[in-house]
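These notes are for a colleague who is going through the model residue by residue. They are meant to be read with the coordinates open.

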Amino acid sequence: MKPSPELIAPESLGPSPGRLDLPDKNGSESETLPAALTMSKTAVAQIVLIVLGIVAALYFARPVLLPIFIACVAGMTLKPLIRWSSKCPLPPAFSAALVLLLLVAGVVFGFSQFSRPAMAWVNAAPQHMTELRQRIQKLLPPGARFSAAAAAVNNLGATEAEKKEDQKNAPTVQVKDNHSSASLINWTELFLMGLIETLVLLYLLLASGDLFLQKLVHVMPTLGDKKRAVEISHEIQQNISNYLLSVTLINVGLGVIVSGGLYFMGVPNAAMWGIFVAVLNFVPYFGPVAGIILLAAVGLLTFETSLVRALLPPAWYLLLHLLETNLVTPVLLGRRFTLNPVVIFVSLIFWTWLWGTPGALLSLPILVSIKVISDHVSALSPVSEVLSR
């Protein structure tokens, strides 16, 4: 009796003609692929959690980390002065104390000279804002007339009783002083404590010399690793200190030239505005824009009759800023520290959100430090490529 074709197993028939039987690899591949995807998702999740943890630590540990960051940046900036003073027969502790004393004396002298006009200008800020609004309305009479015409149209056909009723129903604005004396004292105490911590740590960093480098060399296992660690550390430290010192000198020179130009234009307190411009120039993008707006307001308040003279202070600063950005800084620093503008902008937003005004001032030095370190560490070469223009 012949078995029916339906009862015959396909495997028993052997390989059919025209069909090629291959070894079954799909099963192992199908098992490996989900495992790889799961591992990659786990790694990405771990990286995201680590980044969020670091950001949270930087935010909540701001009172501790901010003095450390400021002291490290200032220490790398002042390191060339310490190396120069080491050529003289002076102990490192004395050289560090002398440099720090000159720095503090210069800051105190600047505050003592310009704190009075600055506070006077701040106290008269409401009056200045009123005068500035009046000057702008004089310069833009069509806009003022349009506002008055719009107000007249809104009141068209209303009786005196309706106008009085509208005035009664208008919301009143009450100005309350939320800054109590307790919060002011607390803020002052925190500021003084942070300043003292920064100065003490800065002195220790300057006086210690190459102590951290010696500890790093001692930890390295082989002689070749020790030599490479010394070379990389010296080059990184030298590049960062040269950059920070160069940028500081450029901004100070810019402030001096701006002050000189404002003085010859007849702007009062020209040196004070030069200091403001020099400090604002440390903040990329927003700093120069704020400086132009500030000098435009100063020009409008100083020169009432002439619009051309009122626009000279911001035009002077804009011209010097363009020369500094496109000529002076590239010539002095070269293309080693040319960074991606998008990365600079994102870094500025991030550090400003994280640490406020000090973060805005530290954003560019931190980014340059990461760039220099990435250039000399092969494992961080992708980071250097992202940061480069």
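The points below go from the whole chain to single residues.

1. Overall make-up. The model is predicted, not experimental. The protein has 15 helices and 0 strands. Of its 389 residues, 26% are buried. The accessible surface amounts to about 26,600 Å², and carbon and sulfur atoms supply 71% of that area.

2. Aromatic pairs. The count of aromatic pairs is 11. One of them joins F350 and W353: the ring centres are 6.2 Å apart and the planes meet at 45°, so this pair is tilted. The angle falls between the limits of 30 degrees for stacked and 60 for edge-to-face, and the centre distance is within 6.5 Å. Both residues belong to helix α14 (residues 341–376), where a spacing of 3 residues puts about one helical turn between F350 and W353.

3. Exposure of that pair. F350 has a relative accessible area of 28% and is therefore partly exposed. W353 reaches 54% relative accessibility, so W353 counts as exposed, the cut-off for this class being over 50%.

4. A second pair in α14. W351 and W355 also form a tilted pair, with 5.1 Å from centre to centre and 55° between the planes. They are 4 residues apart in helix α14, which means a separation of about one helical turn. Are W351 and W355 buried or exposed? Both of them are buried.

5. Ring pairs connect F350, W351, W353 and W355 with Y59, F60 and F69 in a cluster. Y59 has a further neighbour in R62, which lies over the face of the Y59 ring at 5.5 Å from the ring centre.

6. Salt bridge. How many salt bridges does the structure hold? The number is 1. K371 and D375 form the bridge through their side chains, with 2.8 Å from N to O. Both residues sit in helix α14, 4 residues apart, or about one turn of the helix. K371 has a relative accessible area of 5% and is buried, whereas D375, at 40% relative accessibility, is partly exposed. The two partners fall into separate classes because the limit for buried is under 20%.

7. Loop between α9 and α10. P268 is in the loop that runs between α9 (223–265) and α10 (270–280). With a relative accessible area of 46%, P268 is partly exposed. Leaving aside residues up to four places away in sequence, P268 touches W273 and T302. T302 is 34 residues from P268 in sequence, and their C-alpha atoms are 8.0 Å apart.

8. N269. This residue is also in the loop between α9 and α10. N269 is not a glycine, yet has a positive phi of about 55°. Its relative accessibility of 39% places N269 among the partly exposed residues.

9. Y285. A positive phi is also found at Y285, near 65°, again in a residue other than glycine. Y285 lies in the loop between α10 and α11 (286–302). The relative accessible area of Y285 is 38%, so Y285 is partly exposed.

Key: Residues are numbered from 1 along each chain as its sequence is written. This is a predicted model: local features need pLDDT of at least 70, side-chain atom pairs count only at pLDDT 80 or more; totals for chains, interfaces and linings use all residues. Side-chain values use heavy atoms; hydrogens and water are left out. Rings of Phe, Tyr and Trp (its six-membered ring) pair if their centres lie within 6.5 Å; planes under 30 degrees apart count as stacked, over 60 as edge-to-face and the rest as tilted. Helices (H or I, at least four residues) and strands (E, at least two) are DSSP runs, numbered from the N terminus. Buried means under 20% relative accessible area, exposed over 50%, partly exposed in between (1.4 Å probe, protein chains only). A charge sits over a ring if NZ of Lys or CZ of Arg is within 6 Å of the ring centre and within 35 degrees of the ring normal. A salt bridge is a side-chain nitrogen of Lys or Arg within 4 Å of a carboxyl oxygen of Asp or Glu. Accessible areas come from the Shrake-Rupley method with a 1.4 Å probe; for residues, only the protein chains shown count as cover. Contact means heavy atoms within 4.5 Å.
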